[in-house]
Amino acid sequence: MHYTGPVVRPPHEANSILLEVTVGCTHNHCTFCTFYHDTPYRLAPKSQIEADLQEAKFYRPDAKRLFAVGGDPFSLRTAKLVALAEQIHQYFPNINIAMYARISSMFNKSLDELKQLRALGINDLVIGVESGDDEVLAYTNKGYNRADILRECQKLEAADISYRVIFLGGLAGKGNGLRNADNMASLLNQLHPTHMYMTSVAIQPESPMYQDVRDGKFIEASEQERIEETLSLVAQLEHPITLLGQSVANPVNFIATLPEQKAELVGELHQVLQQFSDQDEAHLRRQREQLRNI
């Protein structure tokens with residue numbers, strides 16, 4: 001198998017075939033992200049994809065899931081995604097094809113095109129929404145706004161394409177976490193993602209946001225504020241969803257299926273906050289400063 005630069009995949013794809021389709025990210029300008037900062041965007045050659053599929057078929061003939069590697073393979077034109085799916089199905093006729101997708105990569109795909117992709121097995125997209133707050137989305141240079149997220153995710157739902165979202169706590173900075181939680185919750189309560197990865201930003205030296213921190217333009221949220229933000233978001237969610245909060249960047253780790261485990265998780269987070277000390281704050285802060293990814 002051929003890979004260029006970092007291979008970034010969501011945890012649930014650990015046992016999937018990882019097929020390089022694109023390299024780098026089409027956007028690569030989010031102020032907190034360093035995943036692809038030194039990896040220029042390009043497409044993987046069709047001959048390379050063919051060779052990798054042959055290898056994957058030899059070692060994993062009964063595989064049921066394939067994850068298209070790259071920061072945003074869904075940005076490819078519909079015709080290219082159709083050709084990719086057809087190429088994959090020559091080796092794995094019934095496999096599910098998942099990938100990362102940016103909200104902006106859906107702008108130029110019609111509902112009929114999305115339905116065509118769904119019929120070809122492209123499903124279970126992972127979308128780094130990060131926030132439902134327009135101020136946060138603009139500051140972090142995500143390249144889209146809250147209305148875009150709502151419109152494009154509703155389009156996915158109309159096409160019967162399931163998707164998972166990523167929430168990146170702490171992006172709103174000191175004193176703004178509860179507002180950010182309110183806006184993310186009100187957005188999600190209009191949508192139906194199957195899962196949400198919940199983590200908390202660790203600002204890296206290579207990122208533009210790091211310079212803002214050094215210049216005093218951005219003040220990071222405390223660890224206690226991050227827990228309060230998480231609690232507020234969870235407490236407001238109304239639709240069934242699985243929350244995946246297992247990350248080294250999280251002050252508190254958890255997995256919960258809502259609504260069944262909502263009261264239990266809310267209670268646990270309340271308890272953590274009631275017992276939270278200055279020592280806890282200092283310890284978690286030291287851990288965050290040692291992290292080498294977002």
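**Aromatic pairs and ring contacts**

A search of the whole structure finds four aromatic pairs. This is a predicted model: local features need pLDDT of at least 70, side-chain atom pairs count only at pLDDT 80 or more, and totals for chains, interfaces and linings use all residues. Residues are numbered from 1 along each chain as its sequence is written, and side-chain values use heavy atoms, with hydrogens and water left out.

User: Why is the pair F58 and Y59 called edge-to-face?

Analyst: Rings of Phe, Tyr and Trp (its six-membered ring) pair if their centres lie within 6.5 Å; planes under 30 degrees apart count as stacked, over 60 as edge-to-face and the rest as tilted. The centres of F58 and Y59 are 5.0 Å apart and the planes stand at 85°, so the pair is edge-to-face.

User: What makes F58 count as exposed?

Analyst: Exposed means over 50% relative accessible area, buried under 20%, partly exposed in between (1.4 Å probe, protein chains only). F58 has 64% relative accessibility, so F58 counts as exposed. Y59, at 61%, also counts as exposed.

User: What makes the aromatic pair of Y139 and F218 stacked?

Analyst: The rings are 5.5 Å centre to centre, with 10° between the planes. Y139 is partly exposed at 28% relative accessibility. F218 is buried at 7%.

User: How do you know that the charged end of K109 sits over the ring of F74?

Analyst: The test needs NZ of Lys or CZ of Arg within 6 Å of the ring centre and within 35 degrees of the ring normal. The charged end of K109 is 4.9 Å from the centre of the F74 ring and counts as sitting over that ring. Likewise, K57 has its charged end over the ring of F92, 5.3 Å from the centre.
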